[in-house]
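Reader: I would like to go through this one with you term by term. Could you set each label against its cut-off as we go?
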Amino acid sequence: MFYWMLKTVVLGPVLRLLFRPWVEGEEHIPETGPAIFASNHLSFSDSIFLPLVAPRRVTFLAKSDYFTGAGLKGRLTAWFFKGVGQLPIDRSGGRASEAALSSGLKVLGRGELLGLYPEGTRSPDGRLYKGRTGVARMALEAGVPVIPVAMIDTDKAQPTGARVPKLVRVGVRVGQPLDFSRYEGMEGDRFVLRSITDEIMYALMELSGQEYVDMYATAMKDRIARQKKAKAKEVADAATPGRAVGELEDVLDAQGLDEQHPGPAGEDAPPHRRAS
């Protein structure tokens, strides 16, 4: 009840007016029965705009931190995430993947739509990254189709780190459901899981038009973080007092060595080095 009130009365009308979201392929969303929405992940707002345009309720798995914050802000955050159909999961510890699988299967077992991001995290640069195999395992465990969904321009409406969104029109492109029933009973085969995941990511690449990168988004984020750290250190070192003086002394020392060893024959030695 709260979900539909937020979608149709409180939040939904405002978002539709400001961002004018468009949707293509809505006919691919089943009217009844469970299915997995496998979406690219460009922005925090992906989990808002996809449920907004879907005619049925969509539940996403979200880290439990969003639901356990302290104070007024924490309560408002928890209220918001519950309202937009987020389900808390504990992603800490070695049993995190099993907890996510169990929570997702419960949603699908109720005949509902489950939203997942195969990339595992938001794209750091707008490109599409290698998918995690959890979506494939869940699809085989539940025996449900996977519907690829491409979010369009949500990263422009709300770039990572931006507190105030920009009024940019966003879109949702829904692809044809992917049936993996031919792999029934093979959810323990990692090669099958990788094959299914790659097929899903290929469909997302075609729908979104994004460039595909054959590495995990988390690995790219780590690389970017290291580069930023190295650059910051370089800038800090350059600003260290006395550094420029030291570099100048190195240059003068090098010139002094050159003067001690004259160039081609015939050139006079420096005056202070001439023989008496």
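Reader: How many bridges join strand β2 to β7, and do the strands run parallel or antiparallel?

Author: Happy to start there. Strand β2 (residues 35-39) and β7 run parallel and are joined by four bridges. Two strands pair if DSSP finds at least two bridges between them, so with four bridges β2 and β7 count as paired. In this pairing A38 stands opposite P148 of β7. A word on the source: this is a predicted model, in which local features need pLDDT of at least 70 and side-chain atom pairs count only at pLDDT 80 or more, while totals for chains, interfaces and linings use all residues. Residues are numbered from 1 along each chain as its sequence is written, and side-chain values use heavy atoms, with hydrogens and water left out.

Reader: What makes a stretch a strand or a helix, and how many of each does the chain have?

Author: Both are DSSP runs, numbered from the N terminus: helices are H or I runs of at least four residues, and strands are E runs of at least two. By that rule the chain has ten helices and nine strands.

Reader: Why is β7 called mostly covered?

Author: Buried means under 20% relative accessible area, exposed over 50%, and partly exposed in between (1.4 Å probe, protein chains only). Seven of the seven residues of β7 (residues 146-152) are buried. Both faces are covered, with V146, P148, A150 and I152 on one side and I147, V149 and M151 on the other. In β5, L113 and G115 point one way and L114 and L116 the other, and all are buried. For the chain as a whole, buried residues make up 38% of the 276 residues.

Reader: Why is helix α3 described as largely enclosed?

Author: Eight of the eight residues of α3 (residues 46-53) are buried, so the rest of the structure largely encloses this helix. Among them are D46, F49 and V53.

Reader: How do you know that H41 is buried, and what does H41 touch?

Author: H41, in the loop between β2 and α3, has 10% relative accessibility, and the cut-off is under 20%, so H41 counts as buried. Contact means heavy atoms within 4.5 Å. Leaving out residues up to four places away in sequence, H41 touches D46, Y117, E119, T121, R122 and S123.

Reader: What makes the link between H41 and D46 a polar contact?

Author: A polar contact is a pair of N or O atoms within 3.5 Å; within protein, one must be able to donate a hydrogen and the other to accept it, and residues adjacent in sequence count only if both atoms are side-chain atoms. The side chains of H41 and D46 are joined at 2.9 Å, so the pair falls within the 3.5 Å limit.

Reader: Why is R127 partly exposed and not buried?

Author: R127 has 24% relative accessibility, so this residue counts as partly exposed. R127 lies in the loop between β5 and β6 (128-129), and a polar contact of 3.3 Å joins the side chains of R127 and Y129.

Reader: What makes a set of residues a nonpolar core, and which have the most contacts inside the largest one?

Author: A nonpolar core is a set of buried Ala, Val, Leu, Ile, Met, Phe, Trp, Tyr and Cys residues joined through side-chain atoms within 4.5 Å. The largest has 28 residues, and I36, F180, I196 and I200 have the most contacts inside it. Helix α8 (190-208) gives the most to this core, with seven residues. A second, separate core of 25 residues includes F49, V53, A54 and V170.
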